[in-house]
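Hi everyone, thanks for coming.

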Amino acid sequence: MNKILGRVLLLAALCIGTGAQAQEKIVNPEISYAGVPRTCTIAGIAISGVEGYEDYVLAGISGLSIGQEVTIPGSKLTEAVKRYWRHGLFSKVSLAVDSIIGDKAYLHFYLGVLPRVSTINYYGLKKSEREDMEKKLGLLKGSQITPNTIDRAKILAKKYFDDKGYKNAEVIINQRDDVAGKNQVILDVNIDKKEKLKVHQIIIEGNHELAEKKIKGGLFRKGAFSKTHEAGKLSTFLKAKKFTPERWKEDKQKLIEKYNEYGYRDAAILEDSVWNYDDKHVNIYIKVSEGKKYYMRNITWVGNTVYATDYLNNKLGMKSGDVYNQKQLSKRLHTDEDAVGNDYWNNGYVFSGIDPAEVNIVGDSIDLEMRVTEGPQARLSHVRINGNDRLYENVIRRELRTKPGDLFSKEALMRSVRELGSMGHFEPEQIDPGVKTNPEDGTVDINWTLVPKNNDQLELSLGWGQTGLIGRIGIKLNNFSLANLFNKNKEHRGILPIGDGEQLSVGLQTNAKYYTSINTSYSTNWFGGKRPIQFTLSGYYSKQSGISSSYYNTALQNSLMNYRFGYGNSYYNNYESYYDPDEYIKLVGASLGWGKRLRWPDDYFTLSVELGFQRYVMKNWRYFLFTNGASNNLNLGITLARSSTDNPYFPRYGSEFMASVSITPPWSAWDHKDYRNLANDDKAANFIQQQQEKYRWLEYHKWKFKSKTYTALTSGQKCFVLMTRVEFGLLGSYNKYKKSPFETFTVGGDGMSGYSGGFAEETIGLRGYDNASVGYQTYAYDRLSLELRYPFLLGATTIYGLTFLEAGNAWKDTKKFNPFDMKRSAGVGVRIFLPMVGMMGIDWAYGFDKVPDGNNGWKQGGSQFHFVLGQEF
């Protein structure tokens, strides 16, 4: 038994010794590519050098797995190392074998993580350029930085400045360690833009029929080159001179299009080159082949069944013998407002097309075949509204000319865009109709995308005048809802009743003692909610106090002391200590208005009627025709207006005009009083009573005409716009011995009425002259304006600059009205529209003519600054 046990133990010992010898362990083996490769099975994968990641995630990048058979050294291990490099997150990758036990290998990857960006500094850039750079380069704080990232950022920055005309710009990106953070770096983006490259000379060869002036253009003449112009010449004073390859590429295409306009359909550019003239300029050489000039011979139409051929030819407006102008042909077929294609698109044929084909060329003559594809009429299937969170949807839909079931109409679509923009609740520049055609069922979907804006206005202001501190507070709600005033608003939660697009305004201006004015108004363009009927209701009250006579004694005393002894104020106008409560004028009034959108001559016209009443109450008011008593004004106003502008804040095209008459009953024709001899003797004992009797009821007829036109001088949203204005007004009387002392015109200055000025007249601005200096309480006026505008910013906040010529005048006697007797001025200005404030601006103007100085003399209009609040018609 003992012998058997001993043999078993000996056999086990021999087995253990043999196994140990088979599982020989090699620590940190030396791997040589010159040696014989060894096949092993991966028993483990270790990762070192990276924090914040799980090992199994990092090990997975290698593409290797435990239990996989690999050759050491071999292609699979080499590929695993390449995978880490390709991942782009590591600055160091190395592979070692910790140990080999038998045929099992334990691998170890040593990794180094790329640093992350902690700070990015831009040097040599403006704020706006820096913001553009941040978007273009894609360098973000917290991202890992690689050499490829740096190289890519340099290329993008260089291209950005190339496009801006800085062809010689230098971009250097330095990377330095951030001592405040582990494994973090600071990037310094240094940019030296150098000078913009401009065009020194454009050399044109081969142009025999098209003169250089037509190609290059002039100071006020558009040429073929719209973006590439020579520097240092008067003809290009108002044009861009910088050179970029993109601009030059566009202008080469425009040169060919210019030749095509003149009938040279075969014109081609044979060669062109650009080279540096100096560090700041380049020269351009271009050689053209003009070819033959072509004319149209025969124009035929095929495929037209809706419109007759004669009608289409008349609509086209081009005939046999005309120059073959391809640009004009395209405009008449597709892009003009009265283009041939619009007749189809406005009648539901949205799938239609007109393709002009050259079917025969004989000598210099071309036969055209207009191939018409009419297709079926398409109706609107779905009209969706997206982005609205301010108005009830029915308020928007009632303004649309695109309704489900209607035939598609391009004209109705464009009119809907205008109506939505003129509502004032959405960004006009971002209204997108989103037209989607459905060929499978012959319908069209309209998906309106709107960007709301807050157009309510709040005014809080303080100022200091001759009567001390003046305060004004006002609020204007442009999305008011009278129907929700006492009912719970389910769609628009909040304190104020909103959603119907109605207007409610309340204002208060006062300095407590001398002046107080309160006004309120309500208006809606859809009274009742079903038809476009305007309804307005307003009321107002004001009181202005007079100045004690002791003020004038003090002012005279100060002037004499200054003149005789050299002290005291020769110019004394501080009223605040001389309030006289026994001198005042009060004005209280109300008006009720009704209006309607017309269908003839077109539906841009509106007709409105307003009934108004004002009552003036005066006590010891020495500044007017009569000092004590009351005067009443009951009047009826009728206004015919038309507005077809595309944008309420910066119109580019369209027009506005308004013709109105305001009349009172002819009281003097009914009361049979002798107004010729009434209140003519100011020394009569009953003079005050006679004045009261004469002006108890005002009578007049007031006529006004105002018009504006807007013309975009170039295409695009940001373009120069020419605005013209013509206006005049007349205040007449039924009885020449009973002229109205109120409702007159005061002309000159900024056009804003203040309480220190007239209290019952219409204020008309004429820049370049002091307020009321051209005419005070006059009975006729006229004004002409010519403005050139350019927008700097369009959107919720709109900013544009302007330069203007202006002329106007005013007359006390309507018989002396002379439209050629003008006070002239010129100047520049800027306008800013802020959603919560409204329109405001400043103008500088110079008046060229003389006006009364108030002391029986004359003075030059001269240099004047004018501040503007609110939008003038």
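Let's start with Glu290: a polar atom of its side chain lies 2.9 Å from the backbone nitrogen of His208. That is a polar contact, meaning a pair of N or O atoms within 3.5 Å; within protein, one must be able to donate a hydrogen and the other to accept it, and residues adjacent in sequence count only if both atoms are side-chain atoms. The Glu290 side chain also reaches the backbone nitrogen of Leu210, at 3.2 Å.

A quick word on the model: it is predicted, so local features need pLDDT of at least 70 and side-chain atom pairs count only at pLDDT 80 or more, while totals for chains, interfaces and linings use all residues. Residues are numbered from 1 along each chain as its sequence is written, and side-chain values use heavy atoms, with hydrogens and water left out.

Where does Glu290 sit? You'll find Glu290 in the loop between strand S11 (281–289) and strand S12 (295–302); strands are DSSP runs of E, at least two residues, numbered from the N terminus. Leaving out residues up to four places away in sequence, Glu290 touches several others, including Tyr259, Tyr264 and Asp266, where contact means heavy atoms within 4.5 Å.

Now for Lys859, which belongs to strand S36 (residues 858–869). Is Lys859 exposed, partly exposed or buried? Lys859 is partly exposed, at 30% relative accessible area; buried is under 20%, exposed over 50%, and partly exposed in between, using a 1.4 Å probe and protein chains only. Its side chain makes a polar contact of 2.6 Å with the side chain of Asp770.

Conventions. Helices (H or I, at least four residues) and strands (E, at least two) are DSSP runs, numbered from the N terminus.
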